[in-house]
Amino acid sequence: MSIDAITAADNSAATALTKDEIFSAHQGGKLSVTSTVPLSNKRDLSIAYTPGVAEVSRAIHAKPELARTLTWAERLVVVVSDGTAVLGLGNIGASASLPVMEGKSALFKTFGDLDSIPLVLNTTDVDEIVETLVRLRPSFGAVNLEDISAPRCFELEEKLIEALDCPVMHDDQHGTAVVALAALTNAAKVTGRGLEGLKVVVSGAGAAGIAVAEILLAAGITDVVLLDSRGVINSGREDLAASPGSKKADIAGRSNPRGITGGPAEALAGADVFIGVSSSKLDEAHLATMNQDAIVFALSNPDPEVLPEVAVKYAAVVATGRSDFPNQINNVLAFPGIFRGALDAGARRITPAMKLAAARAIAELAAEDLSADYIVPSPLDPRVAPAVTAAVAAAVEAE
C-alpha cells in the first residue's frame with residue numbers, strides 16, 4: 001500500500017459513522033472459524049477427522065511437544081477480559097465487552113496473521129482468572145489481557161506470567177507504552193532534542209500511565225513525573241507511604257528526581273513533554289508554562305485531555321489517540337508484531353528489551369518522512385507488523 005493509499009484510508013476514518021453501519025457490521029459477531037484443509041470427500045474427512053486424526057492424537061500423547069506443530073494452539077492468542085475497564089465505558093461486564101474482544105482478535109489476524117479468540121470471564125477475582133487460564137493452557141499459545149481495571153490488572157499480569165509458560169501481556173499497559181515511546185523518540189528528533197534530557201509529565205497513574213513511565217525510565221529518561229487524582233506522585237506522600245507494596249509507591253521511589261510536589265501546575269512548569277492517559281483535562285494556563293517547543297500527547301479517548309487546536313498554540317508536536325487527528329498513538333502499531341515476534345522466536349515471556357525493540361522499530365519506520373504531523377506510521381501501514389515482529393524476535397535471540 002502506497003503512502004497516498006494509506007493517507008486516503010486514514011482520511012476515510014474521519015467520515016461520520018452511522019449506527020446502522022456499525023450495528024450491521026456486528027450482526028452475528030466479527031469472527032468465524034474456517035478449515036485449513038479440504039473437506040470435500042470421504043478421504044478428506046478420514047484425514048482431518050476419524051480415523052486419521054487418531055494417529056495424530058497418539059503421536060502427541062507419546063510426544064507432547066508435537067502439539068506445537070500439529071495443532072493451532074501454539075499460534076493462538078486468547079484475548080482475555082473481565083469487562084471491568086472497557087474503553088471509556090468502565091465496568092460493563094463480560095458480555096458487553098465481547099464485541100471489543102472480537103475486534104481485538106480480528107486485529108491480531110489482520111495485522112499479525114495470528115489466530116485469536118476472545119475469552120470473556122464472569123469473574124473479577126484475580127486468582128479465579130489465573131486458575132481458569134492455567135486449566136485452559138493446552139488450548140492456546142499466548143495471552144493478551146484487555147480492559148481489566150487497575151490496580152487488579154498489575155497483580156493479574158504478574159501472577160499469569162509466573163503461572164504460564166507462554167507470552168502474557170496486558171496491552172492497555174504495554175501496547176500504549178511502546179507506541180508512546182516510539183512517538184516520543186521521533187517527536188524529540190523533530191524538536192532537536194535527545195530523549196535522555198527530556199522532562200516528562202505523565203498524567204494518569206493507572207495501567208497505561210505506570211507502564212508509560214516504566215518504559216520511559218527503561219529508555220533512559222530520568223526526569224519522569226507522574227500525576228494521579230491527588231496530584232504529583234512522590235515518595236513523601238502519606239497515602240503512598242501507607243501502601244509500600246503498591247505500584248504507585250514503587251514508581252514513586254524511581255521517578256520525580258527533582259522532588260516536585262503539588263499538582264499539574266507545579267509538574268508542568270518548565271516541562272518538555274506532557275503525556276495524558278487519564279480523563280483529567282489539561283488547563284491551557286498550565287500548558288502555557290511548559291518549555292518552548294513542547295511535546296503534547298493527549299491520549300484520552302474519545303475526548304483528549306486538551307484539543308489539538310489548543311495544544312498547538314504552545315506545543316511543536318501534538319498527538320492524540322484518535323484517527324481524525326494527526327499522529328494517532330494506536331496500540332495496533334505494537335501488539336500484533338510483539339506477539340508474533342515472541343511466538344516466532346519461541347519466547348516464554350515478553351520482556352522489557354522486547355518492548356524497547358518494538359518501539360525502536362516503529363519509530364524507524366517514520367524516520368524518512370519525519371515531521372511534526374508524522375511521528376509514527378499509520379496503523380494501516382503494511383510495513384509495521386513485519387518490522388516489529390523481526391525486531392522482537394531479534395531481541396529474543398539476543399536475550
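Visitor: How many aromatic pairs does a search of the whole structure find?
Guide: Welcome! This is a predicted model, where local features need pLDDT of at least 70, side-chain atom pairs count only at pLDDT 80 or more, and totals for chains, interfaces and linings use all residues. Residues are numbered from 1 along each chain as its sequence is written, and side-chain values use heavy atoms, with hydrogens and water left out. Rings of Phe, Tyr and Trp (its six-membered ring) pair if their centres lie within 6.5 Å; planes under 30 degrees apart are stacked, over 60 edge-to-face, and the rest tilted. With that rule, the number of aromatic pairs found in the whole structure is two.

Visitor: Which helix holds Phe335, the partner of Phe108?
Guide: Phe108 and Phe335 sit 4.9 Å apart, centre to centre, with 65° between the planes, an edge-to-face pair. Helices here are DSSP runs (H or I, at least four residues) and strands are runs of E (at least two), numbered from the N terminus. Phe108 lies in helix 6 (residues 94–112), so the pair ties together parts 227 residues apart in sequence, with Phe335 in helix 16 (residues 335–344).

Visitor: Is Phe339 buried or exposed?
Guide: The ring centres of Phe108 and Phe339 are 5.3 Å apart and their planes are at 80°, so this pair is edge-to-face. Buried means under 20% relative accessible area, exposed over 50%, and partly exposed in between (1.4 Å probe, protein chains only). By that rule Phe108 is buried, and Phe339 is also buried.

Visitor: The charged end of which residue sits over the ring of Phe335?
Guide: A charge sits over a ring if NZ of Lys or CZ of Arg is within 6 Å of the ring centre and within 35 degrees of the ring normal. Here the distance from the centre of the Phe335 ring is 4.2 Å, and the residue is Lys104.

Visitor: With which side chain does the side chain of Asp171 make a polar contact?
Guide: Asp171 is in helix 9 (residues 171–190) and counts as buried, at 1% relative accessibility. A polar contact is a pair of N or O atoms within 3.5 Å; within protein, one must be able to donate a hydrogen and the other to accept it, and residues adjacent in sequence count only if both atoms are side-chain atoms. At 2.7 Å, the partner of Asp171 is the side chain of Lys104.
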